[in-house]
Amino acid sequence: MKALQTVIMAVAVALSWTCPQLAAGGKDAPLPPVVVPAHPESSLTRSLLRHYTKAQLQAGTYVGSEFCIACHGDKAGWRDSKHAQALRRPLAQYSLVAGKGIVADYDQNGMDDFAQGLDFNSISSVFDAYKPNAPVLGFSAGTYQVTIGQVAMPVLFTQGGTGDWKQRFVLRIPVSDTLDGLSVENYVSPVQYQEKTHEYVLYNVSAWYDGSKQPKILPGMTSTQVAALNTNTFSKKCIGCHTTGQRDIGQNAAGEWFYKGYPAVLYDENDPSYFDYDHDGLAEIVNVGCEACHGPGSRHILAGGDPTKIFMPEDDQVCAQCHVRVKSVPNGTFEWAMKDDTRTPWIPGVSTDPVESFYSNAAGYWPDGMHPKQHHQQYHDLMLSAHKTNPYLKLNCFTCHDPHGPTTNAHQLVTSIQSGGLVIPTSNDNDTLCLACHATHGPFASITKQQVLDYAANRQTIGDTVAAHSRHYYNPEGAIGVSRCSACHMPKVAVTAYAYDISAHTFEPVAPEKTLAYQPQAGMPNACQASCHQGRPLNFSRSVLQSDDFGKWNEALDVSTAEILLHAYGPGGIWWDTSQPTSMANSSRRLSNPPDKPLPPVLNPLDD
């Protein structure tokens, strides 16, 4: 234990962590912040006992990920993950730094749009209908702000901003009846920045403007008036999946929602991922940290790192807390897993009931009732997939994703998989992520695990086999990804920041016949058209999909292209006959007319 304490204190001193004090009981008024004394005798346990009683620590208290990383340094990459970077306090020194600061720069002039003072009343944008009361972005005296009409509102934190997604701006609204003159709740502004296209889109704009497109929020309003007018509240709609641990959540006498998290005991004061969410003078543990999956860490620390005192996830329940589109039960008050009548969240390692008993499904599907139309419902997808029932490996979320990993790749995919006694380097872009498990059986029976491990030396052999299965040329590393497993089995058919930017996790290559079968319901995308064949059979331009009305697949080109593709993939299809029985063990049975030899793995001239 003494060695553990010494390591932790050395790290604390090196990082100049601050140590705000919390009065015993958690919800009472806090004591002023103090700094951890820099000497070996100042143990981690003693530090925690300054903020909590021993009974509270033994019962299980959230302490924050910095405690975990102090000993588990190999997990420090978490700090650069989307789990850790979702919510950020805007600091001027991190302007235009992806993952840390404001990244909005619509004209790409090297100055963030707040510092530039972007006025939507003076440019053409999605806010044209709201002129002369369109939002104005600003930066003054170290504070970012959004002005709508006559009301300037400080940005407390941003959501997103990792450089490849979207960035939203969460505000406090000036009111006349609070001590600091600002709302208790944090409200999501109507301004959303698209990081890939450098454009702005509207986000729940009706919460800010009335039917005449006039601002709802006016100077001098009370908290009660604001709460009645603006429903875009972060505490009621969002915080449950963007934090680690909940001390309290509810509504105050004015009707404003509030959330109280656990104080950040150890943190770098320049780290933008820590900020005072509930305005009590202390920075809280927000974002998805270690304890969101492993449960409260205080008992583990009190026991000197005893591994039996911390929860080690073995299935997807921890992911299902948030990667689902749900309503809380029984009243549907919140949009995350929670028993809202008792304000009881599902806690890893503590809750004895499955996470499914804490929510009702509110997922958005295409007409087949299987494939996702909206984001953060990957757990729903996976539960519908053959990966949960196949005879070889019951795949979990963390088979393919590293929850501790940094954003070195867009989706925190693992970089290696242990399979067949080998540690196989993996990548989605060359199919090794899938072949690490699928090699040696089914249509890939001729590929060995050793060949996948040494992909570069065996690319020709692997390419021949995959091409025979895909009936396409083999160039998964190309821009289009011809014969890339995920292009067919995980088509992007859902929406979050952009239309068609979220992959389905059912692992079913959606057949063109579904596009045709659901025409009375406006159709649905199929894997062939959503990934590659858009507009006409050999049109590989993604701009066609992005310009379409998301949700409608009943235009003439949609139908005619699906009908052409149906001859290859559908009932009686010459490449994949969907009327034939299939199985995970022998999916090649789908080939009604298999080739005598594999198609040559040469580059398609249309590919990059």
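Reader: What is a disulfide?
Author: A disulfide is a covalent bond between the sulfur atoms of two cysteines. Here a pair counts when the two cysteine sulfur atoms lie within 2.5 Å.

Reader: OK, how many disulfides does the structure hold?
Author: It holds 0 disulfides. Keep in mind that this is a predicted model, where local features need pLDDT of at least 70, side-chain atom pairs count only at pLDDT 80 or more, and totals for chains, interfaces and linings use all residues. Residues are numbered from 1 along each chain as its sequence is written, and side-chain values use heavy atoms, with hydrogens and water left out.

Reader: Is Cys-319 buried or exposed?
Author: Buried, at 18% relative accessibility. Buried means under 20% relative accessible area, exposed over 50%, and partly exposed in between (1.4 Å probe, protein chains only). Cys-397 is buried too, at 19%.

Reader: New topic. Which residues of helix α21 are buried?
Author: In α21, residues 556-566, they are Asp-558, Thr-561, Ala-562 and Leu-565. Down the helix axis they fall within an arc of 100°, so they line one face. That arc is taken from the directions from the axis to the C-beta atoms.

Reader: What do they pack against?
Author: Against α18 (512-517), α19 (527-531) and β18 (569-570). Contact means heavy atoms within 4.5 Å. Helices (H or I, at least four residues) and strands (E, at least two) are DSSP runs, numbered from the N terminus.

Reader: How many helices and strands are in the chain?
Author: The protein chain has 21 helices and 19 strands.
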